[in-house]
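Please look over the sequence and the structure below before reading on. The paragraphs that follow lead through a few places in it.

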Amino acid sequence: LRVKVDTKKFGFTMRGSQICETGFLKKISNQISKWYRDPRFNGSHCSKLPLLVFAKQDSYTARQLYPIPLDSSPRQLKEKDKETELEKACDRAEEVRLGCDSDVGGGSSAELHMLTEDKYSFIRFTGTTNTATTKHLARSGYAAFMWQGSLNLIDFDGIQIRARAPDRRTYTLNVTEESTSSGDSIYQLKFKLPEDGAWHDLFFPFKSMTKTIAGQAAALQSVIVSGNIIGLGILLADEKDGPFEIDIQGFSAAHGSIYD
């Protein structure tokens, strides 16, 4: 079997050992996954799919984050499939873990609280960052929470979160990709929310995320393989001291077209 690949069509370059790093195999892998993946939900497709929902399944928040079928879906999403995906998202949310520089001797603190206000349920990520370093601690002033598992989001264009934050701090969305060649990579996008106290839906396209390795931007960038996602979370590392607070109702996988 011989396959001729038009490199101009795919938009990548081929330079010896850099083929993998420039995205050649990743693009091929994504395309093959699209061709051969099993049909989801008996042939129907979603424009938005809940991944982490910080609420009980029967709450108002959970219902707002229900799977949304595409207008062009060949079949309507069955109610039982909606319930199943929502239940999975609620279960994943209970597996979120917290961390900050105090784990290695730093002076920051962080907490997670499940709260309900009016008709909304959400998680509050709050604490204080302290950027002071010592001879045993070269970097400090960060806090994060992360869910770890396995997600195949090959059908989607990015991650959407529903959040609010009154503190004008700069947060970072972390999406971890499993890799067998150079270790797991974390793809990131920074964001800041208005101080209006309102809930906002933020969309983070996979193609706009920056690949990082060991906390630094990778020299050779590539688009995340969305079929190999093994982690989602929020990081605060804006090199500032002081309190922080961000509320999040949930994470969803989404198509960019619904935000155009």
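In which helix does Glu87 lie? In this predicted model, Glu87 is part of helix 4, which covers residues 79-93.

From the helix we can turn to a pair of strands. Strand 4, made of residues 109-117, and strand 5, made of residues 120-129, run antiparallel and are joined by 9 bridges. Ser109 belongs to this pairing, and its bridge partner in strand 5 is Thr128. The two strands form a hairpin, with 2 residues between strand 4 and strand 5.

Asp118 is found in the loop between these strands, and although Asp118 is not a glycine, its phi is positive, at about 55°. Is Asp118 buried or exposed? Its relative accessible area is 75%, so Asp118 is exposed, the cut-off for that term being over 50%.

Glu239 is placed between strand 13, residues 229-236, and strand 14, residues 242-254, and Glu239 has a positive phi of about 60° although it is not a glycine. The relative accessibility of Glu239 is 72%, and therefore Glu239 counts as exposed.

Technical notes
Residues are numbered from 1 along each chain as its sequence is written. This is a predicted model: local features need pLDDT of at least 70, side-chain atom pairs count only at pLDDT 80 or more; totals for chains, interfaces and linings use all residues. Side-chain values use heavy atoms; hydrogens and water are left out. Two strands pair if DSSP finds at least two bridges between them. Helices (H or I, at least four residues) and strands (E, at least two) are DSSP runs, numbered from the N terminus. Buried means under 20% relative accessible area, exposed over 50%, partly exposed in between (1.4 Å probe, protein chains only).
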